[in-house]
Amino acid sequence: MSTRSDTPHLAPPLSSVLLASAGVVEGVLDGRSLTEALADVDPALRPATQAVSFHAMRYLGWADAVGREMVQRYPSVFFESLLLVSLTLLKEAGGAAESLPGMPVYAPHTVVDQAVTAAAGSRSLASYKGMLNACLRRFLRERAALEAAVADSPEAQWNHPGWWVKLLAVAYPREWREILAAANVPAPLTLRVNRRRATREQVLAAFADAGLAAQPVGQSGVVLATPKPVVQLPGFAEGWWSVQDAGAQLAAELLAPADGMRVLDACSAPGGKTAHLLELADVDLLALDADADRLVRVEQNLARLGLAGEHVRLKAADAADLDAWWDGKPFDAVLADVPCTASGIVRRHPDIRWLRRESDLRRTASLQTRILDALWTTVAPGGRLLYVTCSVFPIEGTRQALEFLQRHPDATRLDAPGQLLPVAVDATPAAQHDGFFYALFAKQS
């Protein structure tokens with residue numbers, strides 16, 4: 001086994017991790033998010049289970065295609081999940097994953113032995129341990145033939161649903177392969193320095209003193225060469241920084257808040273962009289979110305960063321339902337980081353590709369339109385609205401922005417990046433970022 005743990009002697013048995021990971025994958029196949037499924041895992045198993053589960057999500061398309069070559073009918077979804085998890089580990093055994101941080105790597109015989117042990121220890125899987133053993137050993141014997149049999153499958157080749165691959169190939173004839181490949185590169189840990197509490201130089205010096213390699217990125221960012229649990233990093237408790245992808249850090253900077261402005265963050269949870277706005281200027285800010293539970297996290301983040309107070313108000317409400325929250329006073333700046341398919345942040349949330357359906361695109365686009373049209377009403381003459389999604393699908397980005405301009409002749413489009421495609425393959429940590437769309441509009445006076 002190859003491990004990158006600082007305390008490998010404390011690592012739980014792989015059989016326990018495989019069983020827990022199979023439960024997580026089963027949850028995703030049943031429509032639960034990875035985050036929800038991992039929350040049910042024993043805390044002692046959770047770090048290792050998260051690493052294996054994330055890996056499984058990144059190669060699930062390939063594993064599913066290979067598995068179906070060997071098994072015509074699975075005895076249960078739990079058996080299927082354990083087989084798929086095991087296959088994804090065998091795919092990378094002794095391979096290129098050694099060079100990628102965050103990729104779990106085990107010897108092939110260890111994976112097979114521990115998978116069978118896991119099945120034997122599960123009441124619902126014990127009677128199928130022989131079947132599992134046969135499948136995994138057959139894969140090791142016939143790998144070349146099995147992989148050749150699924151080589152033409154888009155799901156197996158790109159580890160995304162076929163419809164996802166097709167839409168990206170149409171939208172980005174030159175870049176679609178890089179976009180799909182980027183989704184399987186584990187993301188670096190990128191932070192945004194809270195200028196109210198620290199300077200970037202101060203944070204970098206503290207990391208260097210702790211033996212942590214880090215470098216600056218963007219205007220306020222810091223990226224670590226090797227990800228670490230955030231609570232173990234210097235400055236966490238002091239509120240020196242927040243976790244935020246380099247691409248996401250552009251939002252508050254593009255909106256450019258100034259002292260005294262009345263600002264709205266319309267879909268604020270989990271609060272990264274809310275905090276950034278408050279760090280950049282002394283504004284009167286209203287943070288909305290439709291989910292009251294998620295607003296609790298916004299409140300907690302603002303408290304840790306020292307940004308809570310009378311200058312910021314949090315309210316649970318549907319941004320498109322103006323009667324539920326708007327007092328009629330216009331805003332100088334509105335941030336509309338609207339709900340979307342999250343197709344641009346798949347490498348951080350690799351389950352998204354398997355949870356989404358093609359029909360979700362029109363549903364989210366319709367919701368975005370409803371929110372945008374409502375929020376435009378609240379923008380003061382001469383004010384600005386920044387439309388943001390973490391998507392790479394044009395229906396949630398380029399097309400949405402063009403249709404907005406057609407519906408609102410009093411809107412002028414200002415300079416903004418537009419579609420920001422994810423960068424990860426063959427890129428240094430400081431050059432990497434997720435996929436976002438940015439469109440900035442000014443309301444004519």
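**A helix pair, and a helix apart**

Tutor: Helix H16 passes helix H17 in a right-handed crossing, a term used when the near helix is turned clockwise from the far one by less than a right angle, and helices here are DSSP runs of H or I with at least four residues, numbered from the N terminus. This is a predicted model, in which local features need pLDDT of at least 70 and side-chain atom pairs count only at pLDDT 80 or more, while totals for chains, interfaces and linings use all residues. Residues are numbered from 1 along each chain as its sequence is written, and side-chain values use heavy atoms, with hydrogens and water left out.

H16 (residues 359-378) and H17 (residues 398-407) pack with their axes 11 Å apart and at an angle of about 40 degrees. H16 is therefore oblique to H17, the class left over once angles under 35, over 145 and from 65 to 115 degrees are assigned. From H16, Ala-365, Gln-368, Thr-369, Leu-372, Asp-373 and Trp-376 meet Gln-400, Phe-404 and Arg-407 of H17, contact being heavy atoms within 4.5 Å. By class, this contact holds four nonpolar, three polar and two charged residues.

Turning to helix H5, 14 of its 16 residues are buried, that is, under 20% relative accessible area with a 1.4 Å probe, protein chains only. Thr-88 lies in H5 and is buried, with a relative accessible area of 0%. Beyond its neighbours within four places in sequence, Thr-88 is in contact with His-55, Ala-56, Tyr-59, Trp-62 and Ala-63.

Key: Axes are lines fitted to C-alpha atoms, for helices over the stretch in contact, and angles run from 0 to 180 degrees between N-to-C directions. Helices (H or I, at least four residues) and strands (E, at least two) are DSSP runs, numbered from the N terminus. Ala, Val, Leu, Ile, Met, Phe, Trp, Tyr, Cys and Pro count as nonpolar, Asp, Glu, Lys and Arg as charged, and the others, Gly among them, as polar. Buried means under 20% relative accessible area, exposed over 50%, partly exposed in between (1.4 Å probe, protein chains only).
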